Amino acid sequence: MVPCADDGRDPSRVAAPTLSVPRFSVVVPTRGDGDKLQRLLLALQRQTLAKDEFEIVLAFDGAPVPPALQTAGTASQRAVALPERRGPGAARNAGVRASRGTWIAFTEDDCAPAPDWLEAAAARIAREPALEALEGATLLPDGKPARRRPEAGPTWLPTNLFVRRDLFERSGGYGEAFFDRARGIYFREDSDFGFTLAALSARVGIEPAARVIHPREHPTWIDPIRWARRYEMDPLLAARHPEAFREGIEVWRLGPVRIRRPFVRACGAYVLALVLAGAAALIGEGGVAAWFLVLAALAFLVVWAKWRLDPRKAPAALVVPFVLLTALARGKKRVYVAGARPDSTA
């Protein structure tokens, strides 16, 4: 593991704080990508917060810990490993169990925290000691927010989220059922965790000065299909938090008008219009079929717009509605098979 940078102080004075409880435990779930981890650890080395005030815990999700990390672990930087892949929620939980900090600072291995990331969070917590959770700003490389914030509330992105240990323990941690072992699909465990904290009436703050850079999602042409498959987890989230799901997941607000799940609706409209166009053509109603094809094209534009009408992603976007609706059906079946027990971790 890359050792923490030397801060220039006398070693005899630095050694003692490692036995005390650090202010922050930076917990990072990872699948073991060495390049990502190297960049992240270098960014954490550059933190302006005193090195004895935070520790780093890397939680390897079903991936072996590289030999260099096995032999270079220190009291302030170490790794834990899950013997089999169980998803990022389970990895975060394992990382928290292995940590010591008063506050858990969540980020991910493809992120780049700003040098003053921890210092900015510490300053906000010092100003508002009643806070139980704090969300920083997760930005894209161009400086835009990685996720649109709902009415100035938290997005619960685990790329930049601070949670007091006692609150994390009261919440039960991240839901580990939001992972399909057979397909390697995970989704919505962050929203589930956030909705749980909200249900506990947690005191949550937003701190724009605590910044983390996250790469833009869906860079390759096949990513839209991979992304659509994740909707398998939506029915589980809806079962666990029906009201929060209805009001907080993919709601577009146009002034006083609220449009719920426009992307899912567009996918449904696209598939239905194609089916009706085919049926009309079979019975010889070519004009009606043409109108349904126009409706399908309009719905497709809404779907494709998710990826900024990128021509490279158009072929994948054409099948996204079918993949997404299939994933939703599969997710509903999972919830039903579990006996409508949304807390099941099977």
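Tutor: Welcome! Let's start with helix H11, whose buried residues pack against helix H8 (223-229), strand E11 (251-254), strand E12 (257-260), helix H12 (286-305) and H13. Keep in mind that this is a predicted model.

Student: Which residues of H11 are buried?

Tutor: They are Pro262, Phe263, Val264, Ala266, Cys267, Tyr270, Val271, Ala273, Ala277 and Ala280. Each is called buried because its relative accessible area is under 20%.

Student: How do you know what span to expect of H11?

Tutor: The expected span is 1.5 Å times one less than the number of residues. H11 has 21 residues, and its first and last C-alpha atoms are 30 Å apart, close to the expected 30 Å. Just after this helix, Gly284 has a positive phi of about 85°.

Student: What makes H11 parallel or perpendicular to H13?

Tutor: The angle decides. The axes of H11 (residues 262-282) and H13 (residues 314-337) cross at roughly 110° and come within 9 Å. Angles of 65 to 115 degrees count as roughly perpendicular, so H11 is roughly perpendicular to H13.

Student: Which residues make that contact?

Tutor: From H11 come Phe263, Val264, Cys267, Gly268, Tyr270, Val271 and Leu274, while H13 brings Leu318, Val320, Pro321, Phe322, Leu324, Leu325 and Leu328. By class, 13 are nonpolar, one is polar and none is charged. Gly counts as polar, and Gly268 is one of the H11 residues in this contact.

Student: What caps the N-terminal end of H2?

Tutor: Asp33 does, with a side-chain oxygen 3.1 Å from the backbone nitrogen of Asp35. Further along, the buried residues of H2 include Leu37, Leu40 and Leu41. Among the partners that the buried residues of H2 pack against are strand E1 (24-30) and helix H5 (117-127).

Student: What makes the pairing of Glu189 with Arg92 a polar contact?

Tutor: The two side chains come to 3.2 Å, and the cut-off for N or O atoms is within 3.5 Å, one able to donate a hydrogen and the other to accept it. Therefore the pair counts as a polar contact.

Technical notes
Residues numbered from 1 in each chain as written. Predicted model: local features only at pLDDT ≥ 70, side-chain atom pairs only at ≥ 80, totals over all residues. Heavy atoms only, no water. Buried < 20%, exposed > 50% of the residue type's maximum accessible area, 1.4 Å probe, protein only. Helix = DSSP H or I, 4+ residues; strand = E, 2+ residues; numbered from the N terminus. Contact = heavy atoms within 4.5 Å. Axes fitted to C-alpha atoms, helices over the stretch in contact; angles between N-to-C directions. Parallel < 35°, antiparallel > 145°, perpendicular 65-115°, else oblique.
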